[in-house]
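Me: I would like to learn how to read strand pairing. Where do we start?

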Amino acid sequence: MLKIRFSKKTIFNVLMNGKIILQKVIISLLFAISISCASTIKSADAGPIDIGEFNEDVLNKIIKAITNPPYNLEIVRNNGGLLLTSPKEYSGKERGFWIWKKTYEERTSFSIEIFPTSINNNFFIQINAYTEERPNTNYPWKRILSQSDQERSSSLLNTILKELET
C-alpha cells in the first residue's frame, strides 16, 4: 500500500491557492453581475405609454407641460415626434469624507419621443433621461448612469399626462 505524506506547509499552500482561486471566481461573477445591472440602467425610460389620438393640439399640450412649472425646461429641438429639452439642475450625490465631503452638481436633460401607431391615429410617448455630473464649475460635465433617471422620467411623464387630461 502506498502512503503519501504532506507537510503542513504543503497543505497550507494548497488551501491558500484554492482560496485565491475561489476569490477570483467570486470577483469575476460579481463583475459580470455588475455589468449586466449597468446595462439595464443604461436606457432608463418611462414608457412607452399609449395616449390616444395625436394632433397639433396634443403636441402643444406636451410642450406646455414641459415649459411650464415645475420643470420650466426649454425645448432645444422640436422635430415633431422628437423633443429634446435643456438640462434641469439637481443636487447630486455627496462624495468624500468628513471635511472633504462635497455635493456634486447634476443636470438632467430629457428626450421625449412620440411614436404614431397605425391603429386609429393613436400614439405612444416615451421619455428618456440623460444625466451629467461634475464636482464644481471648474470641471466639465461627465455623462453618468444615474439611478434617479427612471424617477425623473416618470415624474415628467406624469406631468405630461396630467396636462393631456385637461
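Reply: Start with two definitions: strands (E, at least two residues) and helices (H or I, at least four) are DSSP runs, numbered from the N terminus. Two strands pair if DSSP finds at least two bridges between them. This is a predicted model, where local features need pLDDT of at least 70, side-chain atom pairs count only at pLDDT 80 or more, and totals for chains, interfaces and linings use all residues. Residues are numbered from 1 along each chain as its sequence is written, and side-chain values use heavy atoms, with hydrogens and water left out.

Me: How many helices and strands does the chain have?

Reply: The chain has 3 helices and 7 strands. Their order from the N terminus is α-β-α-β-β-β-β-β-β-α.

Me: Which residue in β5 does Glu-94 stand opposite?

Reply: Glu-94 stands opposite Thr-103. Strand β4 (residues 88–95) runs antiparallel to β5, with 6 bridges between them. The two form a hairpin with 6 residues between the strands, and Gly-96 in that turn has a positive phi of about 105°.

Me: Which strand is joined to β5 by 12 bridges?

Reply: That is β6 (residues 122–134), antiparallel to β5. Phe-115 faces Phe-124 of β6 across this pairing. Strand β3 (residues 82–85) is also antiparallel to β5 (residues 102–116), through 3 bridges. Here Leu-82 has Glu-113 as its bridge partner.

Me: What share of the residues is buried?

Reply: Buried means under 20% relative accessible area, with a 1.4 Å probe and protein chains only. Of the 166 residues in the chain, 28% are buried.

Conventions
Buried means under 20% relative accessible area, exposed over 50%, partly exposed in between (1.4 Å probe, protein chains only).
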